[in-house]
Amino acid sequence: VFQVTNTPAIVINEINYNAAEDQETGDWVELYNTSASNLDLSGWIMKDDDDTHSFVFPQGTIIDANDFLILTRDQASFLSVFPAIESVVGDFDFGLSSAGDAVRLYDAEEVLVDEVYYLPDSPWPTTANGEGYTLELLAPELDNSLPENWAPINLNGSPDQANVLVNTADISTENFKIFAYPNPFYEYMNLAISLQESAEVHVKIYDQNGRAIQQIEGGYLNAGKHFIKTDLGFLNTGVYYAKIFVDDYAPRTLKWVKL
């Protein structure tokens, strides 16, 4: 299924609600500015699922264009683990529950900007609950209310960095770009396709023996960004290939590892 979401300028991009015992940073939340402008977040508010729990951003809080901001419950503990990170504000005086909770973001006029309600149980990533991982949004453009768009990507999380693995795959030409994530994957295979001009796009999935497993009919797509999300959780562990057809260009192939 190809999908495009209406992304808010500021996105809740990563949540650490129960760090591993040997990586005790305290609870923290990462925001990402999807816009091309620096934004003033003075007076903005973060809440959990309890309206009486409220953290007001200090005056002068700026999040740079296409950059990150970390909200901490215990800034000293966080910086003891990540001392090089400078874009940090806090502390909020409430915890994010390991039994499930919410992160809600409001602007200075108390208008809801973004919200995520998470759980420690599947289909939410369970290794974010005390096993050394965080909840990492697969891409800022995706709907962060859906559990399948979150993954335990990097051990100890990736605050102030993009939520990608080193071995993600991508194809880049003058006319289109294709980015594959996460890689390896557990259940959902994702492709982000950016087209410079309208094109006919199709994707086929193959196993190591060259047998076609699934065909995704993309069809005629306008210029811009498009996303493919495919549930391949039924596959056995192993290596698989996605062959991408864009108009009359030579097909491009990406390799995925299913865990």
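Reader: Where is proline 123 found?

Author: This is a predicted model. In it, proline 123 sits in the loop that runs between strand 11 (112–118) and strand 12 (135–137). A cis peptide bond joins serine 122 to proline 123, with omega about 15°.

Reader: Which residues does the cis peptide bond with omega of about 5° join?

Author: That bond joins glycine 90 and aspartate 91. Aspartate 91 belongs to the loop between strand 9 (88–90) and strand 10 (101–106).

Reader: Next, phi. Which value does phi of glutamate 110 take?

Author: Phi of glutamate 110 is near 65°, a positive value in a residue other than glycine. Glutamate 110 lies in the loop between strand 10 and strand 11. Aspartate 160 also has a positive phi, near 70°, and is likewise a residue other than glycine. Its place is the loop between strand 13 (150–151) and strand 14 (169–172).

Reader: Is glutamate 110 buried or exposed?

Author: Take the relative accessible area and compare it with the cut-offs: under 20% is buried, over 50% is exposed, and in between is partly exposed. Glutamate 110 has a relative accessible area of 57%, so it is exposed. Aspartate 160 has 26%, so it is partly exposed.

Reader: How many bridges join strand 10 to strand 11?

Author: Six bridges join these two strands, which run antiparallel.

Reader: How many salt bridges does the count come to?

Author: The test is a distance: a side-chain nitrogen of Lys or Arg within 4 Å of a carboxyl oxygen of Asp or Glu. By this rule the count comes to two salt bridges. In one of them, the side chains of arginine 104 and aspartate 51 meet, at 2.7 Å from N to O. This pair links distant parts of the chain, with arginine 104 in strand 10 and aspartate 51 in the loop between strand 5 (45–47) and strand 6, 53 residues apart. Arginine 104 has a relative accessible area of 8%, so it is buried.

Reader: Which residue forms a salt bridge with lysine 225?

Author: The partner is glutamate 141, and the closest N and O atoms are 3.5 Å apart. This pair too links distant parts of the chain: lysine 225 is in strand 19 (residues 224–231) and glutamate 141 in the loop between strand 12 and strand 13, 84 residues apart. Lysine 225 is partly exposed, because its relative accessible area is 49%. Glutamate 141 is partly exposed as well, with 23%.

Notes. Residues are numbered from 1 along each chain as its sequence is written. This is a predicted model: local features need pLDDT of at least 70, side-chain atom pairs count only at pLDDT 80 or more; totals for chains, interfaces and linings use all residues. Side-chain values use heavy atoms; hydrogens and water are left out. Helices (H or I, at least four residues) and strands (E, at least two) are DSSP runs, numbered from the N terminus. Buried means under 20% relative accessible area, exposed over 50%, partly exposed in between (1.4 Å probe, protein chains only). Two strands pair if DSSP finds at least two bridges between them.
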